[in-house]
Amino acid sequence: MATIRLYRHPDCAKCARYARWHRRLDWLGRFEDSTGVSPVGSLHLGEVVVQDLHHGTTLRGAAGLTLLCRQIPAYWPLLPLLRIPAVRHRVEREFSGCADGGCSLD
């Protein structure tokens, strides 16, 4: 049973690729993704939000990635890295949407 839902823009190839990886690594079945309208409204290209299905909270950026990492055991080694300010800043920038071609798959 899914415990988190990742909302992503339906036209973002980069977000779709990340969602496929999350599904592959989620052997416990805790993750699902959606291209529907998120609880925070419509999303920009490259923007991702994560909803905790048990509590109903919706998180953006590094907080959302932290929730995702807690639910998928393959990501547990990344959790300590998310406490480093430079890493958190990079994650915030990465998940807040595309700017100036930031969503390219190159």
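So, the largest cavity: its lining is Leu6, Val48, Val49, Val50, Arg60, Gly61, Gly64, Leu65, Leu68 and Phe95. By cavity I mean, on a 1 Å grid over the protein atoms alone, a set of points where a 1.4 Å probe fits but cannot get out, and a lining residue has an atom within 4 Å of a point. Keep in mind that this is a predicted model, with local features needing pLDDT of at least 70 and side-chain atom pairs counting only at pLDDT 80 or more, while totals for chains, interfaces and linings use all residues. Residues are numbered from 1 along each chain as its sequence is written, and side-chain values use heavy atoms, with hydrogens and water left out.

Back to the cavity. Its volume is about 50 Å³, where volume is the space filled by probe spheres set on the grid points, and points are joined across faces, edges and corners. The structure has three cavities of 30 Å³ or more. Which elements each supply at least two residues of the lining of the largest cavity? Those are strand 3 (48–52) and helix 2 (61–71), and helix 2 gives the most, with four residues. Helices here are DSSP runs of H or I with at least four residues, strands are runs of E with at least two, and both are numbered from the N terminus. By class, we get seven nonpolar, two polar and one charged residues in that lining. For the classes, Ala, Val, Leu, Ile, Met, Phe, Trp, Tyr, Cys and Pro are nonpolar, Asp, Glu, Lys and Arg are charged, and the others, Gly among them, are polar.

Now helix 2 itself. Nine of its eleven residues are buried, meaning under 20% relative accessible area, with exposed over 50% and partly exposed in between (1.4 Å probe, protein chains only). What covers those buried residues includes strand 1, helix 1, strand 2, strand 3, strand 4 (58–60) and helix 3 (85–95). Take Ala62, which sits in helix 2: it is buried because its relative accessible area is 0%. Leaving aside residues up to four places away in sequence, Ala62 touches Arg88, Val91 and Glu92, contact being heavy atoms within 4.5 Å. For contrast, Ala13 is in helix 1, and Ala13 counts as partly exposed because its relative accessible area is 42%.

Okay, strands. Strand 1 (residues 4–8) has four of its five residues buried. Strand 1 runs parallel to strand 2 (residues 31–34), with four bridges joining them; two strands pair if DSSP finds at least two bridges between them. From strand 1 the chain goes through helix 1 (residues 13–25) to strand 2, a right-handed β-α-β crossover. Right-handed here means that, with the strands pointing away from the viewer, the path from the first strand over the helix to the second runs clockwise. Strand 1 also pairs with strand 3, antiparallel this time, over five bridges. Ile4 shows both pairings: it stands opposite Phe31 in strand 2, and its bridge partner in strand 3 is Asp52.

A pocket is an open set of points with protein on both sides within 12 Å along at least five of seven lines. Of its 14 lining residues, the closest to the centre are Tyr18, Leu65, Leu78, Val91 and Phe95. Helix 1, helix 2 and helix 3 are the elements giving two or more residues to this lining, and helix 3 gives the most, with five. The class count is eleven nonpolar, one polar and two charged.
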